[in-house]
Amino acid sequence: MENNIMLNKDIFWVGKVDDRDVPFHRLTLTRGTTYNSYLLMTEKPTIIDTVDMKFGREFVENLKNIIELEKIAYIIINHTEPDHSGALGSLATFAKNAVIVCSKLAVVELKEMYKLHNREFLVIGDGDTLDIGGKTLRFIETPYLHTAETIVTYCVEDKILFSCDIFSTHIANYEYFNDIAKEDIKNDYIGYYNLIMHPHRRYVQNMIQKIKDLDIKMIAPSHGFILREDVKSYIDIYDTMSKSTKTSKKALILYSSMTGRTKKIASFIMEKFQEQNIVSEVMDINKTSREEVLKAISEAQAIFFGTSTKYADMIGNMEDLLKSLNTINLEGKLGATFGSYGWSGEAIEVVQDYLKQTNIKLLNTSDIIKGTGMIDVQLPIRIRFAANEEDLKNIERAVIYTTDLLLSTI
Ligand code: FEO
């Protein structure tokens with residue numbers, strides 16, 4: 001374990017530099033990374049985040065040389081992914097008196113991940129503070145940066161933001177601080193942003209709004225360099241890169257409805273796109289000529305196909321329309337499916353099968369999880385009878401996700 005590095009009085013880096021080729025989100029980090037953990041040596045000693053599970057034992061052994069682990073009062077887990085929470089199980093075993101501090105969503109995950117069902121947790125929410133004896137920590141919820149349970153921690157007296165994945169870089173380094181880095185880190189910093197944060201840039205903007213009034217002298221993230229020089233410029237990069245750009249992108253919602261419920265879903269999808277400032281149009285394919293429908297498809301960048309299910313199949317002109325798609329080029333367009341059903345909703349699946357035969361990019365939950373880690377966007381949109389409140393929320397999330405994809409492509 002590396003020497004422990006001081007950020008400010010009583011605040012130390014106690015993490016791990018990982019200079020391997022690091023497997024990460026189906027990529028390999030050829031420049032390695034670091035897992036930055038911090039120890040605040042106050043009257044109630046506090047750890048902020050840990051290290052990757054692979055280095056858990058080493059992390060704990062190193063801490064034993066610095067502090068009696070039973071004296072640790074709090075372990076703050078900003079984000080549950082195992083590159084940060086991975087040593088929690090080992091640490092909690094020795095730090096018997098430590099209360100684990102995290103968001104409400106994180107409690108469930110951490111208890112399961114590290115068998116901590118009998119452990120004391122302190123659940124914090126947006127704006128809550130914690131007195132650790134000589135320093136005050138304020139917590140800010142930053143959902144989807146990059147997973148739902150994520151928070152960041154601000155030390156009021158030292159003006160340090162412990163930002164976990166946010167404002168990170170993936171570079172194994174032994175300089176620790178950006179002002180003494182051997183090279184300009186901005187390219188790596190932007191590369192990290194594009195890889196991890198940009199798919200969630202709407203949430204980046206929310207985060208920027210939440211931290212904009214904080215006096216931040218230093219950002220202590222959980223990967224790569226601690227930022228203590230030109231701090232504002234690093235925040236500004238996130239702000240600029242995550243701002244929405246004007247778009248001429250268009251969404252088209254096609255439907256074939258039996259009782260009117262699928263039609264209602266179509267209208268709701270259109271409204272949600274309009275709320276996102278995406279031009280959108282709804283079309284009843286049974287009342288519109290095929291030429292008109294195909295022309296609208298050719299002009300749209302996102303196309304939602306909806307049908308009711310009757311006798312386990314599509315209704316109206318939907319199947320004929322789908323067959324005709326083979327004759328046109330859908331490359332670069334996004335596709336999604338939806339529909340109301342009463343029993344099994346087979347029609348929605350059959351529409352999916354047809355679309356898979358084309359070159360449209362068909363949106364589905366599996367790819368969303370793999371691409372972004374978001375688990376609450378259900379696509380296709382399958383609605384039993386009429387949409388309930390949760391269905392409507394899911395539609396909104398699906399539209400927001402689609403909008404973000406539209407805005408991230410030229
Ligand atoms: Fe660095 Fe989301 O883990």
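Student: With which residues is Gly 339 in contact, leaving aside its neighbours within four places in sequence?

Tutor: In this predicted model, Gly 339 is in contact with Thr 262, Ile 265, Thr 307, Ile 348, Ile 381, Arg 382 and Ile 383. Contact requires heavy atoms within 4.5 Å.

Student: Why is Gly 339 called buried?

Tutor: The relative accessible area of Gly 339 is 0%. The term buried applies under 20%, so Gly 339, at 0%, is called buried.

Student: Where in the secondary structure is Gly 339 placed?

Tutor: Gly 339 belongs to strand β20, which covers residues 334-341. The C-alpha atom of Gly 339 is separated by 9.7 Å from that of Met 314, a residue 25 positions away along the chain.

Student: How many of the residues in the protein chain count as buried, as a percentage?

Tutor: Of its 410 residues, 56% count as buried. The protein chain has 13 helices and 22 strands, and its C-alpha atoms fill a box of roughly 75 × 45 × 40 Å along the principal axes. Among contacts with a separation of 6 or more, 70% come from residues 24 or more positions apart.

Student: Which domains does the domain assignment give?

Tutor: The assignment gives domain 1 (5-243) and domain 2 (250-408). Their C-alpha centres lie 39 Å apart. The contact takes 8 residues from domain 1 and 9 residues from domain 2.

Student: What area is buried between domain 1 and domain 2?

Tutor: About 810 Å² is buried between them, and carbon and sulfur atoms give 46% of this area. On the side of domain 1, Tyr 144, Arg 201 and Arg 202 supply 59% of the area buried against domain 2, more than any other three residues.

Student: What makes the meeting of Arg 202 and Asp 404 a salt bridge?

Tutor: The side chains of Arg 202 and Asp 404 meet at 2.8 Å, N to O. The rule asks for a side-chain nitrogen of Lys or Arg within 4 Å of a carboxyl oxygen of Asp or Glu.

Student: How many residue pairs are in polar contact across the interface of domain 1 and domain 2?

Tutor: The rule finds 5 such residue pairs, both residues being at pLDDT 80 or more. By class, the side of domain 1 that touches domain 2 has 3 nonpolar, 3 polar and 2 charged residues.

Notes:
Residues are numbered from 1 along each chain as its sequence is written. Side-chain values use heavy atoms; hydrogens and water are left out. Domain bounds come from an automatic or database domain assignment. Buried area is the accessible area (1.4 Å probe) that two parts lose on being put together, summed over both. A polar contact is a pair of N or O atoms within 3.5 Å; within protein, one must be able to donate a hydrogen and the other to accept it, and residues adjacent in sequence count only if both atoms are side-chain atoms. Ala, Val, Leu, Ile, Met, Phe, Trp, Tyr, Cys and Pro count as nonpolar, Asp, Glu, Lys and Arg as charged, and the others, Gly among them, as polar. Helices (H or I, at least four residues) and strands (E, at least two) are DSSP runs, numbered from the N terminus. Buried means under 20% relative accessible area, exposed over 50%, partly exposed in between (1.4 Å probe, protein chains only).
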